[in-house]
Amino acid sequence: MTHVLKIEDLHVSVGDKPILRGVNLTLNHGETHALMGPNGSGKSTLGLAIMGHPGYEVTSGSITLDGKDVLEMAPDERARAGIFMAFQRPMAIPGVKMADFLRHATTNVRRPDRKEGEELIPMREFRKELREKMEHLRMDSEFARRYVNDGFSGGEMKRAEILQLAMLQPKFAVLDETDSGLDADAVRLASESIADIGHQKMGLLIITHHDKLLEHNPPDFTHVMLGGRLVETGGKELAEELHQHGYDRIRKAYPDAEALNQKLLAEEAEEALA
Amino acid sequence: MSTDAPAEPKSEIGEINKYNFRTETTGVFKAKKGINRDIVNQISDIKNEPDWMREFRLRSLDIFESKPMPKWGGSIDIDFQDIFYYLKPTDHQGKTWDDVPQEIKDTFDKLGIPEAEKKFLAGVKAQFESEVVYGSLEEDLAKKGVIFTDTDTAVREHPELLREYFGKIIPPEDNKFAALNSAVWSGGSFIYIPKGVSIDFPLQAYFRINAESMGQFERTLILVDEGANVHYVEGCTAPMYSTESLHSAVVEVVVKRNARCRYTTIQNWANNIYNLVTKRAYAYGDATMEWVDGNLGSKLTMKYPAVHMMEPGARGEILSIAFSSAGQHQDAGAKLVHEAPNTTGQIISKSISKNGGRSSYRGLVSVHPGAHNSKNNVVCDALILDAESRSDTYPYIEVSEQDVQIGHEASVSRIGEEQMFYLLSRGLTEQEASTMIVNGFIEPLVKELPMEYAIEMNRLIQLQMEGSVG
Ligand SMILES: Nc1ncnc2c1ncn2[C@@H]1O[C@H](COP(=O)(O)OP(=O)(O)OP(=O)(O)O)[C@@H](O)[C@H]1O
Ligand SMILES: [Mg+2]
């Protein structure tokens, strides 16, 4: 049986502000989808709603994983069910070493029935695997001893997210601008590593504004989000078109969605000034 | 003979005290409850003390009786006449493990003393109620001239050192509880490290209150001679009782020129104990004194380890961690007194308050006239886990010199929703995530602890955190 993550007519609000207005998306295990769209259109919101961020309220619609109701699950249960998100802005956890954090996370995700307080993955086994994966990502071994995202450069943070993807081996992963903040060489490495770790082995939803990350991860589908809705879906040529020509055609073709997007952006600017 | 039954039903969730058990003891001698000249004389008789010590005790008793209770800190509600001031569990001090009575071993077993014993056979001393009943000292330490014994023995065997230093760093006049300790003190450690001798493993001691309503008044004196180096570690735990107990220790440290001393304490008292401790060190030219102080449990802790930097180049560092939960008040802090030029002081304090607990930082930085070119930096961070809990900061700064650098930073934070979500999204449960965030918060201090204490500290935090979320 191939795994399926299914999103149907999803509406999400932040506070009392509606952001997503009916998103439909079916992600099959082994597929790669690109999710594009202008700033503020709701791409990160979709990812955060899939992961279960408490600030993003699902007002209607459904998310299911192999038919099971994901909305019923707490974020940690979603992670243990095989859902992952690489964040656009990962949080720093001062004082917590990457290795300790990852050993805990990896144990919980690999052994979803583990009770609190039960043994973690044996240290040696874990260290060996972590070292190998870090070498693969050309990360300095010193990195494992640093505190989670604390004082990391933009590039280091994104690389740490990819390392977590590699360790946790989820069924489905949302990668939210995992290319931003990386220099050209680092983006190429990220693209290769993601392909290596996840292409055709996971269901990938890659949120990006550029084409480099997709170089080694050609999307089976490309979706365009505007004003909280997926207004168009195509193949990898759609991604190429958007990179070359931007969103003008899309904005003109979907004036209602464009109006909503502008309204949200205006509100955001207002809030920023207030 | 021992029982595992706690003396009272477990209170709220999260109020787990790992050492919530008691061992029956048949004390050989138990002084009457209360305090007066007769009791103090009796303690001195039993210990067969020299006259100078008896006089010191009696003088201290007068001072204790004439001093008012401290007006700051926490609220103290103690009936001084309802406390046992002296209890001697065995009539001689055990030389080897085999000599230690079984019931006392049972208590040690539960505390994990045998493990510590295995690891640090050399340095372990254990205090059971008022007397040191078991201690061993590695031979080559003795060969180097190191003295590591209980303070009662030191009064008999090292009178010249004791008469010179005992009660000189913290005289009984200092405060009401120092006076009380000076009158009825019993046990505690005496350490002398000769010139140039460096001990490269920590010397350790365990302290423990057992009999109900029994005060524990240990008295520790550490002398680190010129160019010497020592790390002393003290861990304290106590079983839980319904009547309030009092722990009031005095710790005096002298660090001579170019010497170094680190004194590490992890205290996890039961929730009904008043923990009122006076700790002070004198650091001389280019010497370094470090206090590392972790306070968990107790009803009220008032403890402000102090370093007086007496000569140029002296350094004083104080690292303090406080964790307070329901019904607890940690009034902890530090004192740094710059009495000479070119001295450097640093205070780092971290406090965590949970389930209505209250943590206060109370600190004094004092720069005396003439202590020019001195530097002092204070950082205190508080983490509050819920809306019922509380944290306060009382920094006092007295500077009588122009040419000094003084820094003070304070922060108060709560566990952020975003940090929590990040950890949950990686499969950690709420419990694991909040414990991890708290451990991360104190990590900069925990990494200064010897390995097994760092593990113990993380475990204690985990126990304190259990049941706190969800
Ligand atoms: N936590 C929040 N609080 C307030 N508004 C929010 C929050 N999260 C998202 N929004 C709003 O929802 C809208 C969609 O934001 P989202 O981050 O999903 O956009 P995006 O498509 O990921 O944009 P970008 O390409 O810039 O990353 C924006 O108007 C944004 O201001
Ligand atoms: Mg975004």
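Contact here means heavy atoms within 4.5 Å. This is a predicted model, in which local features need pLDDT of at least 70 and side-chain atom pairs count only at pLDDT 80 or more, while totals for chains, interfaces and linings use all residues. Residues are numbered from 1 along each chain as its sequence is written, chains are lettered from A and ligands numbered from 1 in the order in which they are written, and side-chain values use heavy atoms, with hydrogens and water left out.

**Two helix pairs**

Let's start in chain B. Helices (H or I, at least four residues) and strands (E, at least two) are DSSP runs, numbered from the N terminus. Residues of H1(B) that touch H2(B) are B:Arg37, B:Val40, B:Asn41, B:Ile43, B:Ser44 and B:Asp45, and their partners in H2(B) are B:Arg54, B:Arg57, B:Leu58, B:Leu61 and B:Asp62. Sorted by class, that contact has four nonpolar, two polar and five charged residues. For these classes, Ala, Val, Leu, Ile, Met, Phe, Trp, Tyr, Cys and Pro count as nonpolar, Asp, Glu, Lys and Arg as charged, and the others, Gly among them, as polar.

As for geometry, the axes of H1 (residues 37-46) and H2 (residues 51-66) of chain B come within 10 Å and cross at roughly 155°. Axes are lines fitted to C-alpha atoms, for helices over the stretch in contact, and angles run from 0 to 180 degrees between N-to-C directions. H1(B) and H2(B) are therefore roughly antiparallel; angles under 35 degrees count as roughly parallel, over 145 as roughly antiparallel, 65 to 115 as roughly perpendicular and the rest as oblique.

Over in chain A, helix H5 (residues 154-168) and helix H6 (residues 184-198) pack at about 10°, their axes 10 Å apart. That makes H5(A) roughly parallel to H6(A). On the H5(A) side the contact uses A:Arg159, A:Ile162, A:Leu165 and A:Ala166, and on the H6(A) side A:Leu189, A:Ala190, A:Ser193, A:Ile194 and A:Ile197. Here the tally is seven nonpolar, one polar and one charged.

**Pockets and cavities**

On a 1 Å grid over the protein atoms alone, a cavity is a set of points where a 1.4 Å probe fits but cannot get out, and a pocket is an open set with protein on both sides within 12 Å along at least five of seven lines; lining residues have an atom within 4 Å of a point. Grid points are joined across faces, edges and corners, and a volume is the space filled by probe spheres set on the points.

| Space | Volume |
|---|---|
| Largest pocket | about 1600 Å³ |
| Second largest pocket | about 790 Å³ |
| Largest cavity | about 100 Å³ |

The largest pocket is lined by 40 residues, with A:Asp100, A:Arg103, A:His104, A:Leu120 and B:Asn458 closest to its centre. H10(B) gives the largest share of that lining, nine residues. By class, the lining of the largest pocket splits into 15 nonpolar, ten polar and 15 charged.

For the second largest pocket, 27 residues form the lining, and A:Ser44, A:Thr45, A:Leu48, A:Tyr56 and A:Arg89 sit closest to its centre.

The lining of the largest cavity has five nonpolar, nine polar and two charged residues.
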